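The model comes first, and the entries follow in the order in which I made them.

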Amino acid sequence: MGRSLRIVCWIGKQHAAAALQVEEKKETVRQLPKRKESTDDLFFKGQSKFTSGNENVSLVATSSSRIPSATYRLQFHGAFTFLDAATILEYLHNLGITDIYASPYFQAGIESTHGYDIVDYNALNPALGGTSDYQHFISELHRHQMGQLLDFVPNHMGINESLNRWWMDVLEKGPASAYANYFDIDWHPDKEVLSEKVVLPILNDRYGKTLENGDLTLEREGGSFFIRYRHSAIRLPVCPSTYPVILQRSLCYLQDLNVTQLSKIIDRLRSASPSSVTARAQLETLIQGDSRIRSAVDLAVAEFLGNPNIPETFDALHQLLELQAYRLGYWRMAAEEINYRRFFDVNSLAALRVEIPQVFQASHQLLFRLLARGDVTGLRIDHIDGLWDPKGYLGRLQDYYASLPQSSSPLYIVVEKIINMSHEQLPSDWPVFGTTGYDFANQMVHLLTDTTAAAHLTETYQRFIGNSDSFSDLLYEKKRLVMETSFQSEIFSLGRLLDRLSELYRDYRDCTRNLLTNAIREVIACFPVYRTYITETHHPPSGCEERSILGAIEMARRRNPAIDKTAFDFLRRLLLVHLPEGLSTKERDAHFHFIMKFQQCTGPVVAKGLEDTTLYLYNRLIAVNEVGGNPDTLGLSLSEFHRLNHERCLHTPHTLLATSTHDTKRSEDARTRIAAISEVPGQWREAVRRWKRINKKFLVQVGDEMAPSPNEEYFLYQTLLGVWPLDTFSEDWEQFVARIQKYLVKALKEGKVNSSWTQPNEEWEQAVAQFIKKILDSQTGSAFQRAFMPLAEEIARLGAWNSLTETVLKCTVPGIPDFYQGTEIWDFSLVDPDNRRQIDYTLRQQLLESLSTTSPEKLLSEWKNGRIKLFIIQRLLQFRRRYASFFRMADYQPLLSLGLRKDHIISFLRRHESMTLLVVVPRLTAKLWLMPCDGCAWSETRVVSGSFIGSWRNILTEESYRCDQQEIQISDILTRLPVAVLYRKDP
């Protein structure tokens, strides 16, 4: 593999502990530790691979590292191609972006709009343009000195179309396929009839009905045969060893001909030996070269076409299907009998086994060519928690990159890792620079939420919906639900593995398979994190992992006192890797096989139970209902926010900082608006009560219930506040209404109460859509809209100040700011597909060009057009790009605020060598009563530091400011804008 890399630990635990004791005497507040080393002096050299153990390590920039200064996410699809991307690079460069963050663009499904259903890892997606278009895009990147962070998908492939050659070969040949071990398939499930078959739950109805309706047909193309399902794009191969079943019937149509050659081919095909490959080619030649044989074969194929009025006419096709290496089934049976691992519960995405070197190499060939050429300069690894051994995979990536001739530093890699803020951290020994930033997005929304309103908001919510169920109980219930409806097969498989292991223990062999399976189900339902990362070479579990395991088992026992605790004891022993002495290699492997399969199962259950169910149901304040979020708590203290920034500065200073992504349930600006509800809880309570009374007449009776339900109505009102247009001309009203209707229908399906994806309730969905249409109609909804607008306008204003605060913090705290396409101005999008609408880059270009001739005051007065957000982003990103090394190395020091409004100010310093950056932004501005840039709002409020004395320059307003004392009055710097970023360069 060539040269390897050695992880350099730039600060160890002991150094960090010592640094925490450092205190500058002149400072009023104790300063947080600074990094001493210069990254220009750190190189990754030596011969050891990325196989460090539990030591505290961090990847840092070297002089040759490509560390972005700011990234911009682009969603590639057929309507936004490589050439389209090339045309906006000039604009993005002028904005201050240094690196494009590209969605997956390897060959995906024909109609794919996201690229996560890759069917060929070694080809670019032709829907995005040809090779020349891609090279033009790369040339433009290089011309603007921009890098490219590519979203890579190692966990799964799309299998819903015939384009996936690996999957088609597996379906054709079964376990004999060269790609049989590429996919995570259980070839020997409990059900004997499924042995050595792939269960394909692709049918819209039950198999027998589908067959006898004539929806399955046999087809010939050249010398090959296929099964066509009328309602699917996939064309299923027929195994060549079963061709004789078809060809034998053709012989009767050739009675007067010499059929010796065809008979020999049939015999060779039956043998399933290497000669069958030659026989298949000979059949192709024979059929193409002899029209009489071709006609005879087609007549034989026609015999497999049944008559829907005569069920027995489908017997021949059924018998042929039974001989194949796959078993067609109704899609609803997937939860219980599917035998290949999927991405979550998506049947059309089959998991890969990239832990196998052969699979790793085959799926990364093109990727490494792009890295070797410098076309791609960094990677975002999708769904890292789905992999068998995430750390091992990341180590192999870095080792392969290190073998490239031009490589002298680690590859910039971030991982899509969902971190539970209260239970875990990113594993410190992973050779990555950080995460994709969901953790930061959640920190920001909690920072901008008023904690003191939690009880008030809880009471309002519970009274409105008439229910006081806790979040934790709801989450537990929904995780159990998704296991029952989507992951039965995976849970049963774990139960079977655990049952086999129990036979090795005298104390546990009396535990039945049913008991053990129930214990597994309950522990997963109580698991507080996505997963743990125990492997045979990486155990025992870390402290965080042990706490998660023990906490889940204890909670499962408390919730299920009727389950024999012996089963929980056995699980605890295995998951903590307390294994007995004297196990054979095979027995030891079986133990770790169970542990790692368990780890791969917990993540999908959390994702579907929390993100795709509970976050659409617990609607106290939906701003905090985000990927990786915890709606059970509201708010984040300033001290905790500073602590998190300090930790990031020390350990992952180059992690991404996201506020909107392709996965977020609502955009950053919609989220900051909804968070502002916490600032006016009394107004909110009175408003929703009034709106409910006004709109009661529009409720629709469906059976014994009224639609929408109170919980759905509460969700709707928050959504409307989050996305309400800033003026009546900013969006076509019919289009706006349609967006809200589609979003609520999706929310209903995700919530799985009154409708779902698997059991859609169209009557309920139509009733909710009708309710929305009525309340948003200019005539029928006029009373509601008059009552709605006062709070909507106040929330829009508060949300705007929140967004500006969030934008400044994202651009200045430790980490790399990431911008989702289009969010450089106000964006009030909802979850996909709403957030993947076409972006008007012509408008954004015009707005950017206008900034040079517009004063900050005018931008602020016209805040509704979004130029103020664009202005702040451009000024800060261009400054970041100019002083990139400063932002890579600067420390982080929170400041002490004093005065009447001290709790409404967020302030900190960042320092490195001769430069100092001062950031001051407001929060919870509803209580100021005045504009946050009005000096009177900050009367006698000040920040204190011994580092203030000197001359400063405001990056945003370009004003100079001289400080001759150890404090700065907020009213002196928040005069023209509600936010301030100042810098000073000492001689």
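Predicted model: local features only at pLDDT ≥ 70, side-chain atom pairs only at ≥ 80, totals over all residues.

I began with Q145, which I found in the loop between α4 (131–143) and β5 (147–152), where helices (H or I, at least four residues) and strands (E, at least two) are DSSP runs numbered from the N terminus. I noted that phi of Q145 is near 55 degrees, a positive value in a residue other than glycine. For context I wrote down that most residues other than glycine have a negative phi, and that most peptide bonds are trans.

Residues are numbered from 1 along each chain as its sequence is written, and side-chain values use heavy atoms, with hydrogens and water left out.

Next I turned to cis peptide bonds. The bond from H539 to P540 is cis, with omega near 5 degrees, and P540 belongs to the loop between α20 (513–525) and α21 (543–559). I also logged the bond from D832 to P833 as cis, with omega near 10 degrees; P833 is placed in the loop between β20 (816–820) and α31 (841–850).

Which way do α16 and α24 run relative to each other? The axes of α16 (residues 438–447) and α24 (residues 638–651) come within 10 Å and cross at roughly 160 degrees, the axes being lines fitted to C-alpha atoms, for helices over the stretch in contact, and the angles running from 0 to 180 degrees between N-to-C directions. The two helices α16 and α24 are therefore roughly antiparallel (angles under 35 degrees count as roughly parallel, over 145 as roughly antiparallel, 65 to 115 as roughly perpendicular and the rest as oblique). Their crossing is left-handed, a word used if the near helix is turned anticlockwise from the far one by less than a right angle, with right-handed used if clockwise. I listed F440, Q443, M444 and L447 of α16 and L638, F641, L644 and R648 of α24 as making the contact, which means heavy atoms within 4.5 Å. By class, the contact of α16 with α24 has 6 nonpolar, 1 polar and 1 charged residues, with Ala, Val, Leu, Ile, Met, Phe, Trp, Tyr, Cys and Pro counted as nonpolar, Asp, Glu, Lys and Arg as charged, and the others, Gly among them, as polar.

I then looked up α18 (residues 471–485), which packs against α20 at an angle of about 135 degrees with the axes 9 Å apart, and that makes α18 oblique to α20. In this contact Y476, K479, R480 and M483 of α18 meet R521, E522, I524 and A525 of α20, a set with 4 nonpolar, no polar and 4 charged residues.

For α27 (residues 710–723) and α30 (residues 782–812), I noted axes that come within 9 Å and cross at roughly 55 degrees, so α27 is oblique to α30. Here Y717, L720 and L721 of α27 meet F784, F788, L791, A792 and I795 of α30, and these divide into 8 nonpolar, no polar and no charged residues.

My last entry concerns charges over rings (NZ of Lys or CZ of Arg within 6 Å of the ring centre and within 35 degrees of the ring normal). The charged end of R396 sits over the ring of F360, 5.3 Å from its centre, and R673 lies over the face of F828, at 3.9 Å from the ring centre.
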